[in-house]
Each structure stands twice: as C-alpha cells, then as structure tokens.
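Please look over the sequence and the model below before reading on. The report that follows takes up a few features one by one, each under its own heading.

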Amino acid sequence: MLYYMFEYLEKQYQLPGAGLFQFLTFRSAMAVLLSLLIAMIYGKRIILFLQTKQIGESIRDLGLEGQQQKAGTPTMGGLIIIMSTLLPVILFADIKNIYVILLIITTVWMGIIGFVDDYIKIFKKNKKGLKGRFKVMGQVVLGLIVGAVLYFHPAVTIKEKDSTRITENFKVEQVYGEEIKAVRTNVPFFKNNELDYAEIIAWMGDGFENYAWLIFIPVVIVIVTAVSNGANLTDGIDGLAAGSSAIIVLTLGIFAWVSGNIEFSGYLDIFYLPRVGELVVFIAAFAGALVGFLWYNAYPAQVFMGDTGSLTIGGVIAVIAIIVRKELLIPLLCGIFFAETVSVMLQVSYFKRTKKKYGEGKRLFLMAPLHHHYQKKLYHESKIVTRFWIIGILLAILSIVTLKVR
C-alpha cells in the first residue's frame, strides 16, 4: 500500500530522489520494525488467548530433563510469526510482484497445513497429528505450484551480461542484454558457477530446453519438502528453530539484495534477477517476526511455534532460496536443518538394519533428532541452542563468502 502511494507521488510530482530501489531500504526497515513490534506486543495477547483456550502442548515422555515442566505451554505460536509477517508485507511491499505473491501463498499454505496438524494434536487428542502422507502431499502440491510459476511465469527472468565496454572515464562497464527465461542457478565454490537444469536433459536432442520443467519442478518439490520437514525436526527445544531460522533468513536477505541490484550482481558475477529486490521487504518482515517470536520462545519458552510455525518457516526459506537461485547452498546455509534431518535418517536406517541383522536394533545416537542426543548427554538446553546458533552463524558467513570464493 505504501509502495503504491510513493510510486504515485513520484510519477505525479516528479519527486527528486534515488528511485524506487533505494526506497527499498526505507520500506525494509519499516517492515522489520513493524513486524518486530507486532510480534512483541500482540504476541503476548495471543499467548494469553491460547492459555485461556487451554491450547497447550501435550508432552510425550522421552526421559529428557525438564521435559515435564513444559507440559501445558501454549502452542500454535506460529500464528504470531505469520501475522507479524503478512501485515507489514501487505503495507510496505509491492504485492503485485510475482515473487512476493509466491511467498504470501507459501506462508498461508504451509501455515494451514501446520495449523491442521496442531489442531488434530490438541483438540482431537491425537499426538500423531495430521497423517504424514497428507502433510507430504501438501508440501508436494506447494512445490508443484512454486516450480510451475517460476518456470512458466513471464516475469520470472534473468539478465545476462552481453559484453563489456570502456566508459569515457576509462572504466570497464558491463552491458546487459534483454531479460530472458532460463532455469539456471548459481553453483557455489566453482569459477564457472552456472548450472542450467535444461543441460541435464540435453541427450534428448533438439528442443530439449523446452522440457527443462521435467527436471526443475521435481527439484523444487524435493527442496520445499526437505527444508520444511527439516525445520519441523529442528523445532524441539526452546529457541532453536526460531533463532536458527532468523540467521538463515537474514543471509538470504543479503542474497536477494545483491541479486536484485544490477551493479552488485555484476561485481559479484551472479545472476541479475529483475524484480527480485522486492523480496528484501518480505524477508525483513519475516526476520522481524522470527526475532519478535523468539522474545517469548527463548528459554524458558512461554510459547511454542508448533507445526503452524515450523512448517511455514521451512517452506518460506526453501522458496526464497529457489527464487534467488541459491538452492544448491541449502545444505550449507541450512546446515542445522540438514544435520537434524540426517541424524533422524541415520538413526532409523541403522536401527532397522541392525535389527534385521542381529535381531535387536542398535542406535547411532542416544536420541534423534541431534539436539535430543545432546540433551541425553545432560547438556543444558540453553547451551545446546546457543552453540547451534554459533554454528548457524558460521555457516551463514561461509555461505556469504561463496559470493566471491571460487
């Protein structure tokens, strides 16, 4: 809304200034401040409402220290994150931008799936919640929508550097050509850092590029499903998922900023993505919402995000990474999610394998996901979370470094 007001005033009165892209900084700052305030002010009211309605967490006895004290803590706190994100986005972002539209759809879609899961757990007294196949089906459908839109929508383009020229001041300047449709992504740590999904099916012969969606859309589905489930597994102790996600989201904000700026993208030799700069407003609002939620979710937690929050967080992170062509960085940037997911996969597969071989299942970890392993080793919850945050920050720095290190 504010975006359109400024755009109208600039056109109507030919206002001096640096233009809409520079106004992005102001709108992003306002979005992060507003989302933070909404989460902190109205978050308390939502927590009290959840307590009044007795919407509390039902704790399974896993034999972890301090676990029973968490029983009855309000859950579905992901509603705080969703509300605190969407209101500033509607106010400050260009809601006609295709990337912003996709992220709003992702937030609402994954929020609904998570809400249904939490509702079944709390009100239907079914600790398993929404059946896994329905949850995965929802993630797959979202991945299909996101992949199809990014592949077929005419506004999803890149600009390539056609050549260089010497200016009057004897400086080298990049010359960009027309916007083109392409399913290319950046490959970290490599000098020739481009991967074209279409090249994977080049063996099909002439016209193979027309069928690149056969590769691209399934890749998007896998990424959306994997990252949303990874965030869900990470949400096990106070502040871990919210804090780790805030670090990841802020890093993706940097990628969105440089990818949407023709000068920065040229200097860093990454794709210039027209209209992607608008993502920074959404990311700012989302980061503010996560930090505001963390105010109440830090140890000892006054509220849990539930699947309403964790599935939404994972879905949004996955879609942003795909939009800014950094999906191949996910194992590094989302290393905490990745480690949690792999620990569960290894635990389950090793248990089944040893049970089949020896008649009795054995475990690699004291408990999975990984954070529970350290709880079993009697590390305090806050120490585990802090150390995971530190690792998350290091992974974020390494991810940013990939912009230049090749």
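## The enclosed space

In this predicted model, the largest cavity holds about 70 Å³ of space, and the count of cavities of 30 Å³ or more comes to 1. Rolling a probe the size of a water molecule over the atoms shows where empty space is left.

The lining of the largest cavity is made up of 10 residues, and those nearest its centre are Asn 186, Val 187, Pro 188, Lys 326 and Thr 402. Sorted by class, this lining comprises 5 nonpolar, 3 polar and 2 charged residues.

## Salt bridges between helices

How many salt bridges does the model contain? The count comes to 8, and one of these joins Asp 117 to Lys 135, with 3.5 Å between the closest N and O atoms. This pair links distant parts of the chain, since Asp 117 belongs to helix H4 (residues 98-123) while Lys 135 belongs to helix H5 (residues 132-152), and the two residues are 18 residues apart.

Are these two partners buried or exposed? Asp 117 has a relative accessible area of 0% and is therefore buried, and Lys 135 also counts as buried, because its relative accessibility is 12% and the cut-off for being buried is under 20%.

## Arg 184 and its two partners

Arg 184 forms a salt bridge with Glu 194, in which the closest N and O atoms lie 4.0 Å apart. Because Arg 184 lies in strand S3 (residues 184-186) and Glu 194 in strand S4 (residues 194-196), the pair ties together parts that are 10 residues apart in sequence. Arg 184 also forms a salt bridge with Asp 196, where the distance between the closest N and O atoms is 3.7 Å. Here too the pair links distant parts of the chain, with Arg 184 in strand S3 and Asp 196 in strand S4, 12 residues apart.

The surroundings of these residues can be described by their accessibility. Arg 184 is buried, with a relative accessible area of 18%, and Asp 196 is likewise buried at 18%, whereas Glu 194 is partly exposed, with a relative accessible area of 47%.

Helix H12 (residues 335-358) consists of 24 residues and reaches 33 Å from its first C-alpha to its last, which is close to the expected 34 Å. Its buried residues are Gly 335, Ile 336, Phe 337, Glu 340, Thr 341, Ser 343, Gln 347 and Thr 354. These buried residues pack against several helices, among them helix H6 (213-234), helix H7 (240-259) and helix H14 (381-401). After H12 comes Gly 359, whose phi is positive, near 85°.

Helix H3 (residues 78-92) has 15 residues, and from its first C-alpha to its last it reaches 22 Å, close to the 21 Å expected at 1.5 Å a residue.

How values were computed. Residues numbered from 1 in each chain as written. Predicted model: local features only at pLDDT ≥ 70, side-chain atom pairs only at ≥ 80, totals over all residues. Heavy atoms only, no water. Helix = DSSP H or I, 4+ residues; strand = E, 2+ residues; numbered from the N terminus. Expected span 1.5 Å × (residues − 1). Buried < 20%, exposed > 50% of the residue type's maximum accessible area, 1.4 Å probe, protein only. Contact = heavy atoms within 4.5 Å. 1 Å grid on protein atoms, 1.4 Å probe; cavity = no way out; pocket = protein on both sides within 12 Å on 5 of 7 lines; lining within 4 Å. Points joined across faces, edges and corners; volume = space filled by probe spheres on them. Nonpolar A, V, L, I, M, F, W, Y, C, P; charged D, E, K, R; others polar. Salt bridge = Lys/Arg side-chain N within 4 Å of Asp/Glu carboxyl O.
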